[in-house]
Amino acid sequence: MKKKVVSVILATCMLGTVLAGCGKSSGGDSTGSTDSAASGSEESGSSDGSVKEFTAFFAVPGSEINDDNEIQQILAEKTGVKVKETWLTGQTAEEAIGTLIAGGEYPDFVDAGDGSVQMYEAGALVALDDYLDKYPNIKEFFTDQEWDSLRQSDGKIYWIPQFSNIYGEERECTHNDEAFWIQARVLEWAGYPEVKTMDQYFDLIESYYAANPTMEDGTAIIPYTILCDDWRYFCLENAPQFLDGYPNDGSVIVDPNTKKIIDYNTTDTAVKYFKKLNEEYKKGIVDPESFTQTYDEYIAKLSTGRVLGMIDQWWDFSNQTEDAIKSAGLDAQGCQYIPLPITIDESVKNQWHNSGGIVHVSSGLAITTSCKDVEGALQFVNDLLDQENHNLRFWGVEGTDYNVGDDGMFGRTPEMRKIVADTAYKASHLCTYSYFPQWTGTSRDGKNAMKPEGQEAEFYDGLSDSVRKCFEAYGAKTYVEMLGTSPAPGAWYPMYTFSQTMTTSTPGGTAWNLMGECKHQYLPKVVMAEDFDAGWAEYMEAYNACKPEDFLSEMQTELDRRIAEAAKYSN
Amino acid sequence: MEQKKRLFKNISLVEFKRQRVLIIWSVFFVAYGLVFCYAPLVGWLMAFQNYKPKDGILHSAFIGMTKFKMLFSDATFIRVIRNTLAMGVINLVATFVMAILFAILLNEIRLKGSKKVIQTISYLPHFLSWIIVTGILHDALSGSGIVNELLTKFHLVSQPINFFAHEEYFWPIVAFANVWKETGWNAIIYLAAITAIDPSLYEAAAIDGAGRWNKIKYVTLPGIKPTIIILLIMNIGNVLNAGFEIQYLLGNGLVQQVSQTIDIYVLKWGISQMDYSLGTAAGIFKSAVSIVLILICNTIAKRHGEERLF
């Protein structure tokens with residue numbers, strides 16, 4: 001009896017471990033199936049009037065739209081193509097792309113983000129050079145110099161960066177990038193003072209918090225929080241470059257005069273910035289959960305209007321929080337965020353905002369070797385850039401989503417504005433194909449903006465009262481005017497498009513990786529340290545052990561290469 | 001040799017025919033094992049190559065043990081081995097002891113109804129995925145979570161403790177989560193083993209004057225000893241599978257020194273940095289250690305004349 005039970009248990013467990021064993025080992029070894037890789041596309045191939053289906057994967061988080069989405073349907077009727085888009089969920093971009101390559105099956109379209117070079121090296125992408133001339137809208141998308149900057153080591157072009165490409169005159173109202181943000185109500189409470197330095201910023205937050213420790217409904221206010229979740233820790237680490245008045249090169253500072261790379265992690269400004277954060281942490285101004293909160297928890301905090309200020313990129317928080325704040329009626333209390341032109345010293349001019357388009361050479365929309373109909377796919381990209389289709393993507397359906405005034409200007413009624421912000425409506429009606437190439441700037445009609453957010457009158461009418469009042473007090477009409485703008489500093493800008501592509505196959509890439517890990521661990525410790533100086537010394541020791549000089553010298557080489565490359569075109 | 005001959009003689013054609021159903025059935029399982037467990041092992045070749053996806057296994061250059069050397073000269077890898085072993089052992093001991101204790105306690109409940117209810121409730125967490133469990137943990141242990149609320153209410157601490165910001169709390173949190181999630185489920189096997197104990201033994205013990213405690217000590221525990229040993233051997237082979245999800249989901253920059261396990265290392269270097277060779281090498285190392293651990297335990301069990309795997 002006893003034997004029997006034990007053996008039954010044994011058999012069950014054996015089966016269990018066998019199954020588990022298989023599950024575990026297949027993770028690293030699944031490349032065995034590479035050779036038999038069938039195409040991942042669902043395209044039917046029938047060209048007789050029926051709609052062709054393509055698949056696309058974008059290595060960024062995004063929301064899927066409904067299968068019966070209305071504008072997608074209209075676009076499918078006009079172009080004969082429909083693309084099923086999928087997005088990153090619960091992984092990092094590198095993990096997702098690493099898994100794709102290991103599996104050897106790809107969707108038709110892909111934006112591999114930081115993994116783009118790896119996709120190219122794995123031979124997963126189709127070279128676009130032979131096709132480009134056949135598609136005028138795609139060809140027109142970049143100048144020859146810009147196309148050349150996209151060439152990989154074999155001299156061919158594999159991807160099309162989708163964003164920041166300006167048609168005609170630039171039209172920008174939103175500061176889509178990084179800044180010190182502060183709630184409109186804090187500025188209003190203080191009588192709209194000039195806030196230009198980090199000290200002034202934290203003084204303002206401190207005095208507001210002392211006077212108003214809770215929200216109207218009694219929930220405690222969080223004066224300042226720092227998002228530190230995984231790759232989003234730029235909210236903590238890269239402010240020193242801006243504070244010194246440099247633009248967002250992302251991973252280093254470039255001195256525009258000497259053309260030399262400077263490491264912003266070790267500057268005096270960096271020490272001052274982290275020391276300030278350390279002081280504010282001890283005063284209880286910095287949210288004690290800063291370094292352990294997840295991105296979702298952070299967004300939830302911001303959405304309740306409890307957080308007075310933070311550093312972040314507009315694109316990183318605004319999509320979710322702006323709508324949540326509005327629908328909770330918190331915009332009337334002034335809980336929306338305003339960017340401030342903050343530097344380390346009043347004499348330093350800020351460059352939080354840069355004008356002009358940036359070609360993000362490190363990634364873009366690519367077509368994979370699994371795609372059976374490359375020409376059809378490119379034709380679709382070309383069609384999407386037609387003005388009429390472009391309007392459909394970003395403005396919506398005329399009469400439903402926007403009206404055309406007698407002067408030909410597009411505009412929305414308050415009801416339209418409300419409904420286009422609704423998540424359910426976005427999924428059922430709007431289809432921007434947001435990771436396909438798109439224009440900003442002025443429409444081909446010469447009047448309207450390519451996208452609603454660039455339409456000045458529409459933007460201004462759509463602002464909530466508290467934000468508009470704040471803008472008026474500072475003599476600004478847009479977020480951009482709050483900060484002022486500067487042109488891009490030089491042809492090398494921005495350097496982060498290079499550091500993003502680094503891998504551990506070079507010493508510099510290895511150093512870059514180790515530096516990231518070291519900063520992830522020590523920067524929170526430095527901010528929370530009892531004794532800042534000792535904490536900083538410990539951090540510097542660990543930091544220098546990562547050999548940052550390897551990284552910096554590779555960045556310098558790339559900087560020199562970019563400057564030399566640009567010089568070819570100016571002659 | 002002698003033995004082999006006899007083995008073949010024993011399987012006569014008649015016997016083969018008689019057992020054909022069984023043989024046909026076993027073919028499926030052998031095929032399953034070959035396809036899903038042994039065929040993927042070809043991928044282990046990657047660990048000895050400078051593997052490039054473009055060239056595939058067939059054309060990548062062989063580099064011998066270079067990747068293994070890289071692995072063991074990497075301080076991070078040594079650290080993740082330490083973390084994995086530490087968390088694995090803590091989890092093993094905690095969940096193992098708790099499951100046996102729980103099963104014995106549950107067995108002592110005389111009311112059938114409440115026994116069933118307790119058993120059902122206690123094994124339900126097993127069916128939650130780690131993402132949900134970590135979500136609950138994150139909420140419960142946050143600054144405004146229930147744990148901190150209770151601690152401050154009873155004046156045990158003056159300031160809420162930020163549990164996830166301290167390295168020393170990380171392993172206990174992981175162990176606690178494992179115990180909470182798996183105790184009820186693991187206890188089922190022991191409960192089954194206890195039911196299989198001959199009731200006459202308990203009666204005999206009662207006649208000899210044994211109370212509850214002595215019955216547990218002299219009847220129940222010896223009765224489930226073979227089960228305990230078998231499960232111990234199998235679980236020791238799993239020590240290096242200390243987990244991936246929970247550490248991955250609960251970890252952050254502040255605790256990364258103690259939170260990263262071998263699995264996370266493989267993901268980070270093998271998949272994210274696309275050094276598939278290094279990832280495979282780390283995976284092979286893990287499998288090899290697991291096999292060695294099982295062999296050692298099995299030998300010890302054999303020597304002591306206990307139940308064993310093989």
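## A buried helix in chain B

A residue is buried if 20 or more other C-beta atoms lie within 10 Å of its own, exposed if 12 or fewer, and partly exposed in between, with C-beta atoms placed from the backbone. Among the buried residues of H15(B) are B:Ile262, B:Lys268, B:Trp269 and B:Ser272. Just after H15(B), B:Met274 has a positive phi of about 55°.

## Basis of the description

This is a predicted model, in which local features need pLDDT of at least 70 and side-chain atom pairs count only at pLDDT 80 or more, while totals for chains, interfaces and linings use all residues. Residues are numbered from 1 along each chain as its sequence is written, and chains are lettered from A and ligands numbered from 1 in the order in which they are written. Helices (H or I, at least four residues) and strands (E, at least two) are DSSP runs, numbered from the N terminus.

## Two helix pairs

In chain B, the axes of helix H7 (residues 112-123) and helix H10 (residues 167-195) come within 6 Å and cross at roughly 125°. Axes are lines fitted to C-alpha atoms, for helices over the stretch in contact, and angles run from 0 to 180 degrees between N-to-C directions. H7(B) and H10(B) are therefore oblique to each other (under 35 degrees counts as roughly parallel, over 145 as roughly antiparallel, 65 to 115 as roughly perpendicular and the rest as oblique). The contact joins B:Gln119, B:Ser122 and B:Tyr123 of H7(B) to B:Thr183, B:Gly184, B:Trp185 and B:Ile188 of H10(B) (C-beta atoms, placed from the backbone, within 7 Å).

In chain A, the axes of helix H23 (residues 507-528) and helix H25 (residues 548-570) come within 7 Å and cross at roughly 125°, which makes H23(A) oblique to H25(A). Residues of this contact include A:Trp512 and A:Met515 of H23(A), and A:Phe551 and A:Glu554 of H25(A).

## An open sheet in chain A

Chain A has an open sheet of 5 strands in the order S2-S1-S3-S13-S4, with mixed pairing. Two strands pair if DSSP finds at least two bridges between them. At the edges are strand S2 (81-87) and strand S4 (159-160), each pairing on one side only.

Strands S1 (residues 52-58) and S3 (residues 109-111) of chain A run parallel and are joined by 3 bridges. A:Phe58 stands opposite A:Asp111 in S3(A).

Key. Contact = placed C-beta atoms within 7 Å.
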